[in-house]
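Please look over the sequence and the structure before reading on.

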Amino acid sequence: MEATERENNEGRSHDRKHARRPVRPVPPPGSGNGGLHDTACNLGEGSHSTSCRSLRGSNTGLRKPEALAVAKAAGLDFIRAEGYVFGHVADEGYTDANAGLVLRYRKAIDAERVLVLTDIKKKHSSHSITEDVSLVETAKAAEFFISDGLILTGSSTGSETSVEEVQSLRNKTRLPLIIGSGVTVENIDRYWNAADAAIVGSHFKDGGSWQNELRGSRVNALMKKLAEIRN
C-alpha cells in the first residue's frame, strides 16, 4: 500500500448527516475516545504516505483546527480538501471556496510540508452556479491557488470517474491528476495511463459498498491487478 487516507466517516449514524460547521473539536492525543487525531498518529508511524480528511469543507475548521492541524500534529503527508476553489451546493448546504483560508492556516501553523490535494467539481454536489466555468478553468484556478494535486470524482461515492474528463486535463495543468471515486479491480486498467494516482475506498469494502466492513481479499485482488499492470 502506497498511501493511507483517514476520513472522519465510517458509516456511523451520527457521522452520516454531515455538518459543515461547527463540528466537534479534534480530541487530544491519548484521549481514548476514538478520535481522528489518535488514529492518524498510529497511521503516521508507517513507511507509506498518510493523510486525513475532515468531511464537508473542514479543511481548517475556521474556528477549530481540524484536517490540517491533525496532519501537522501526527506528521501526516497530505490532506484532501473540498471546496478549494469555486463554491458549490452540496447535500448539506452551500460550500464556499476556501483556498485562501487553507493556505494561510497552513502557513500559520508551520505545516507547509503537508500537501493539499483538492477536489474539483466534486461528488455529492450541484455545480449549476458555476456551469459557465469549465473543468479545465477550474483546474487552472486550483493550480493558481497553489493546489498540490487535483482530485476528480463521479457523481457520488463509489461512482466511476469519467476517463474522458481526466484526459481532458492532460497538458492543461502541471498538477497530478487523481481519481477520487469508482476505481475497481475491473476498471483500474482504463485509468492507468490517464491519471497519476487513485483513491480507493468503497471497492475494498464488502460488496463494494462504502458503509460495509473492509475486506482483505478485495484489497489483495486490486493490488495483484496493479502488479500485473506494472509488469
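Predicted model: local features only at pLDDT ≥ 70, side-chain atom pairs only at ≥ 80, totals over all residues.

Which residue, with a positive phi, follows helix 4? The residue is D110, and its phi is near 55 degrees.

An overview comes first. The chain contains 8 helices and 10 strands. It has 231 residues, of which 44% count as buried. As for contacts between residues at least 6 apart in sequence, 65% of them join residues at least 24 apart.

Helix 4, which comprises residues 99–108, can now be examined in detail. Its buried residues are A99, V102, L103 and R106. Around the axis these residues cover an arc of only 95 degrees, and they therefore lie on the same side of helix 4.

Helix 3 spans residues 67–74, and A69 is found in it. A69 counts as buried because its relative accessibility is 18%, and the cut-off for a buried residue is under 20%. When neighbours within four places in sequence are left aside, A69 is in contact with Y105 and I109. A69 can also be related to R106: the two residues are 37 apart in sequence, while their C-alpha atoms are 8.3 Å apart in space. R106 is itself one of the buried residues of helix 4.

The chain continues beyond helix 4 to D110, the residue with which this account began. D110 belongs to the loop between helix 4 and strand 6. Its phi is positive, at about 55 degrees, although D110 is not a glycine. D110 counts as exposed because its relative accessibility is 57%, where exposed means over 50%. N171 also has a positive phi, near 65 degrees, and is likewise a residue other than glycine. The place of N171 is the loop that lies between helix 6 (163–168) and strand 9 (177–179). With a relative accessibility of 79%, N171 counts as exposed.

A strand residue provides another link between separate parts of the sequence. H88 lies in strand 4, which is made up of residues 88–90. At a relative accessible area of 4%, H88 is buried. Between H88 and K122 there are 34 places in sequence, yet the distance from C-alpha to C-alpha is 8.7 Å.

Attention may next turn to the aromatic rings. How many aromatic pairs does the structure hold? There is 1 such pair.

The account closes with helix 8. This helix runs over residues 216–230, which makes 15 residues. From its first C-alpha to its last, helix 8 reaches 21 Å, close to the 21 Å expected at 1.5 Å a residue. Which residues of helix 8 are buried? They are V219, L222 and L226. Viewed down the axis of helix 8, these buried residues fall within an arc of 70 degrees, so they line one face of the helix. N220 and K224 are exposed residues on the face of helix 8 that is turned away from its buried side. Helix 7 (188–191) is included in what covers the buried residues of helix 8.

Key. Residues numbered from 1 in each chain as written. Heavy atoms only, no water. Helix = DSSP H or I, 4+ residues; strand = E, 2+ residues; numbered from the N terminus. Expected span 1.5 Å × (residues − 1). Buried < 20%, exposed > 50% of the residue type's maximum accessible area, 1.4 Å probe, protein only. Arc of directions from axis to C-beta. Contact = heavy atoms within 4.5 Å. Phe/Tyr/Trp six-rings, centres within 6.5 Å; stacked < 30°, edge-to-face > 60°.
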